[in-house]
Amino acid sequence: MMKARMKLAATLALPLVLGGCVTAGEYAVKNAGFSLVAATTAEAAGKQTVWVQNQEQARSVSERVKALMAKKAIDVETAVQVALLNNKGLQAAYADLGESAADAWQATMLVNPTVGVGLTGIGTPGLTAFRTVEGAIVSNILALVTRDRNIALADTEFRKAQLDAASRTLQLASETRRAWINAVAAWETVGQLNQAQAAADAASELAEKLGESGAMTKGSQAREHVFYAELAGEGAKARLEARLAKEELTRLMGLWGSDVKFQVPNRLASLPKGLMKRDQIEAEALRRRVDLQMAKLDLEATARSYNLTEATRYVTDLNLLAGFETERAKEDGDISSETTGRVDLEFAIPIFDSGKARMRKAELAYMRAANLLAEKAVNVRSEARSAYQAYRANYDIARHYRNSVVPLRTKIEEQSLLTYNGMITSTFELLADSREKVNSILLAINAKRDFWLAEADLAPAIYGGGASGETEVAAAAESGN
């Protein structure tokens with residue numbers, strides 16, 4: 001009888017002890033989930049990203065970054081690749097992904113049982129019979145019942161973490177591309193202002209000499225001097241903006257030490273001959289946007305959480321206790337013992353908390369996630385249309401300055417030079433026309449910069465990772481859980 005009872009207790013306890021080992025290797029892959037991030041980055045940005053997890057990988061990435069930075073002037077593709085390899089904040093995001101994989105792995109394991117052993121009645125004199133040993137193994141039955149739902153919920157959160165890591169990667173690539181464009185455009189502006197300042201300096205000196213000879217009034221002299229002074233201030237401001245733009249690029253690329261002395265080109269590339277056709281950009285965005293997929297997973301996770309809440313509405317704590325009791329007795333000088341097994345079931349009685357409030361909260365969280373998903377879908381389509389409209393419009397504007405405004409200003413300057421050589425117009429009229437041409441060139445540079453920025457925004461509009469913060473839906477959904 002004693003052996004049978006002990007076998008019953010062991011049979012009940014053994015699955016609880018060993019159950020956590022069933023799926024121990026399911027999420028134990030070291031780079032769990034990173035393949036999706038790498039594939040998404042390759043498709044959207046055409047670049048490689050690496051999750052650095054040991055010294056050997058760190059040395060390999062460092063050597064590759066040094067090789068890329070050996071170029072005399074860093075082009076935009078090199079800048080983006082260096083950022084994806086070298087940015088430490090991105091590595092922290094990948095660590096978050098690894099932590100989520102560990103959480104999903106943990107969800108596959110059963111809750112550890114509680115083991116208790118007690119000794120009572122030791123050394124009590126005058127007693128004929130006394131209990132000496134008492135033991136029990138306690139396990140949460142409710143955790144067993146809801147185990148599959150918990151695993152599914154953890155898996156959903158893990159897939160969401162994959163998409164979040166991919167979104168952060170694409171966002172870094174987008175920000176780096178934009179920072180490079182801004183830095184190069186800023187240095188191109190500095191170059192044009194330097195040329196204009198040289199002409200203004202010559203005009204200011206000429207005005208001073210003419211004033212000394214009495215051929216120019218003090219008011220006219222002041223006009224030339226103040227133009228030179230204002231242009232000097234604009235040049236200093238432009239140089240500051242260019243240095244700050246380069247520093248932003250440096251931060252995104254994660255550079256340190258001597259690598260910060262890198263150079264960028266001093267002018268942006270010319271406009272392309274034609275535009276990319278994106279007739280299906282809305283459909284592409286709905287199919288590929290990472291943040292929209294995250295919103296879908298938010299809804300899925302909320303639904304799974306709702307089902308879990310429904311399953312535990314009335315019973316929130318259910319424990320199974322399997323154990324044994326050993327009694328020893330002393331009669332007529334003989335000592336006998338008897339061991340009996342016992343099984344108990346413990347649970348909380350929902351007298352005060354019927355679970356209605358938790359159910360209502362879960363329902364509202366699901367409604368919130370559903371509405372946020374619908375809103376996100378509307379926004380994704382609109383953002384895709386806006387990105388392509390900006391791309392086309394900025395191309396037309398930049399081409400207008402290149403083909404019409406700047407050539408006309410050049411022609412005006414050439415005609416002024418001819419009339420000046422024929423002594424028909426004065427020196428200052430020629431300088432005024434030259435200044436107007438410089439202003440038109442600066443406007444053309446800005447228009448070209450805006451086009452390349454609009455072109456850089458096309459990929460985020462289709463794949464995600466834009467600077468507008470794509471985790472708002474997830475944050476709002478989490479705040480309601």
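Tyrosine 366 is partly exposed, with a relative accessible area of 35% (buried is under 20%, exposed over 50%, partly exposed in between, with a 1.4 Å probe and protein chains only). Tyrosine 366 belongs to helix H11, residues 356-421 (helices are DSSP runs of H or I with at least four residues, numbered from the N terminus). The model is predicted: local features need pLDDT of at least 70, side-chain atom pairs count only at pLDDT 80 or more, and totals for chains, interfaces and linings use all residues. Residues are numbered from 1 along each chain as its sequence is written, and side-chain values use heavy atoms, leaving out hydrogens and water.

**Helices and burial**

- Helix H4 (residues 76-86) has 10 of its 11 residues buried, so the helix is largely enclosed by the rest of the structure.
- The buried residues of H4 include Val76, Thr78 and Asn86.
- In helix H9 (residues 281-288), the buried residues are Ile281, Glu284 and Ala285.
- Seen down the axis of H9, these residues fall within an arc of 100 degrees, so they line one face of the helix (the arc is that of the directions from the helix axis to the C-beta atoms).
- Alanine 93, in helix H5 (residues 88-107), is buried at 4% relative accessibility.
- Alanine 93 and alanine 165 are 72 residues apart in sequence, but their C-alpha atoms are 6.0 Å apart in space.

**Salt bridges**

- The structure holds 21 salt bridges (a side-chain nitrogen of Lys or Arg within 4 Å of a carboxyl oxygen of Asp or Glu).
- Aspartate 291 and lysine 376 meet in a salt bridge at 2.9 Å, N to O.
- This pair links distant parts of the chain, 85 residues apart, with aspartate 291 in helix H10 (residues 290-311) and lysine 376 in helix H11.
- Aspartate 291 is buried at 1% relative accessibility, and lysine 376 is buried at 9%.
- Within H9, arginine 288 and glutamate 284 lie 4 residues apart, about one turn of the helix, and form a salt bridge whose closest N and O atoms are 3.5 Å apart.
- Arginine 288 is partly exposed at 26%, whereas glutamate 284 is buried at 12%.

**Aromatic rings**

- There are 6 aromatic pairs (rings of Phe, Tyr and Trp, the last by its six-membered ring, with centres within 6.5 Å; planes under 30 degrees apart are stacked, over 60 edge-to-face, the rest tilted).
- The rings of phenylalanine 451 and tryptophan 452 have centres 5.0 Å apart and planes at 65 degrees, so the pair is edge-to-face.
- Both phenylalanine 451 and tryptophan 452 are buried.
- Ring pairs join Tyr388, Tyr391, Tyr395, Phe451 and Trp452 into a cluster.

Conventions: Helix = DSSP H or I, 4+ residues; strand = E, 2+ residues; numbered from the N terminus.
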